[in-house]
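Trainee: I have a model open and would like to go through it with you. Can we take it piece by piece?

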Amino acid sequence: MQSGKATQIQLDITSDLQKWRAFLAIAELGSLTRAALFLDSNQSLLSRHLNALERECKARLFNRTGRGVALSDVGQRIFPLVKALLSDAEQLELEIHGEAREPAGRVTIGSLPSITNPIVGRLFKQLRERHPGIQLKILEGSSGQVEEWLADGRVDIAILYRYGTALHEQEQALATVDSYLIGAAGDRLTAKPELPFASLHELPFILPSAPNGLRTALDAMARQEHITLAPVLEADSLPLMRSTVAEARLYTVLPIHAVWTEVQEGRLQAARIVSPTLQRVVSMALARTKGPGRAVSAVASEIVSIVEDSARSGMWHSGGPG
């Protein structure tokens, strides 16, 4: 039997959760600009929200610094309570929409073009079959752009190349890929299955311009091996690199998955670089500001499955460096 009394909960300052959502984003990102990008809002509106919130609280919630904003003493005290309040509100919405049982919503992936191609088609197909409530958004860019999107919370998942064995915090090694010298069909040098790194000396290359992870690694190894890399053309476009190698008979250095179709069809040739090898790790990172979430976790799990399956075909080696 129900009681004759209603629950005596009174709401005033906390009645507008959108303002507190803005507070949380600003606190986690340390910048009004980044928070506006994350919330798909504009900085002036966010600033008005913050000013209104501080007037209602009768206290300063942030201290302005030269590099952004930082929580004040009051802000630090209420931050965990605000986060818990919004988490409970989000869980309520998930229950109302039935999403607590089935992952749903938009998941944004930021990736390098050479990694996107062998993954995204299969990922979309598998998600449509297993999690039809999830929508994908794909952003392609350079390593620097993907890193920035991850820091700003514009992507939920980032897929990047890392050189060396050390990964950044909260990153997962998906695969280790070898580097190949890529040449045109019929080229004698790349007709061999493997080539020593010294064979790259003074070849006519098309390579990405600095700063670029591959270019940095290549230049460093060239200095170490006392050879000269001679790019006659610089380009940051993967399709342009592939077409120029085929048509102008230049050379480039890429992982095999970036030219998988072209090599299978005989339009390009690839020889693995050895003595020494030049390896990179394909890593996956989740945005710390958004948290994993059921939809993001489901997408991340599918990506891991696709990468492991592709390793069995010889596209790359599963996991980190052995």
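Trainee: Where is Asp 40 found?

Mentor: Asp 40 is found in the loop between helix H2 (32-38) and H3. Helices here are DSSP runs of H or I with at least four residues, strands are DSSP runs of E with at least two, and both are numbered from the N terminus. Before going on: this is a predicted model, in which local features need pLDDT of at least 70, side-chain atom pairs count only at pLDDT 80 or more, and totals for chains, interfaces and linings use all residues. Residues are numbered from 1 along each chain as its sequence is written, and side-chain values use heavy atoms, with hydrogens and water left out.

Trainee: What is phi of Asp 40?

Mentor: Phi of Asp 40 is near 55°, a positive value in a residue other than glycine. Most residues other than glycine have a negative phi.

Trainee: And is Asp 40 buried or exposed?

Mentor: Asp 40 is exposed, at a relative accessible area of 66%. Exposed means over 50% relative accessible area, buried under 20%, and partly exposed in between, with a 1.4 Å probe and protein chains only.

Trainee: What about phi of Glu 202?

Mentor: Phi of Glu 202 is also positive, near 60°. Glu 202 sits in the loop between strand S7 (194-196) and strand S8 (204-207), and it counts as exposed at 52% relative accessibility.

Trainee: Which peptide bond is cis?

Mentor: The bond from Ser 275 to Pro 276, with omega near 0°. Pro 276 is in the loop between strand S11 (268-274) and strand S12 (279-286).

Trainee: How do H1 and H3 cross?

Mentor: The axes of helix H1 (residues 17-29) and helix H3 (residues 43-57) come within 9 Å and cross at roughly 105°. H1 and H3 are therefore roughly perpendicular to each other. The residues in contact (heavy atoms within 4.5 Å) include Trp 20, Phe 23 and Ile 26 of H1 and Leu 46, Leu 50 and Leu 53 of H3.

Trainee: Which strands run antiparallel?

Mentor: Strand S1 (residues 62-65) and strand S2 (residues 68-71), joined by four bridges. Two strands pair if DSSP finds at least two bridges between them. A hairpin joins S1 to S2 through two residues, and Arg 64 has Val 69 of S2 as its bridge partner.

Trainee: Now H6. Which of its residues are buried?

Mentor: In helix H6 (residues 143-152), Val 146, Trp 149, Leu 150 and Asp 152 are buried. Their cover includes H1, H2, strand S3 (105-111), strand S4 (134-140), strand S5 (157-162) and S12. After H6 comes Gly 153, with a positive phi near 75°.

Trainee: Last one. What does Met 284 touch?

Mentor: Met 284 lies in strand S12 and counts as buried at 4% relative accessibility. Not counting residues up to four places away in sequence, Met 284 touches residues including Ile 157, Leu 174, Ala 300 and Val 304. The C-alpha atoms of Met 284 and Ala 300 are separated by 8.3 Å, and the two residues are 16 residues apart along the chain.

Key:
Axes are lines fitted to C-alpha atoms, for helices over the stretch in contact, and angles run from 0 to 180 degrees between N-to-C directions. Angles under 35 degrees count as roughly parallel, over 145 as roughly antiparallel, 65 to 115 as roughly perpendicular and the rest as oblique.
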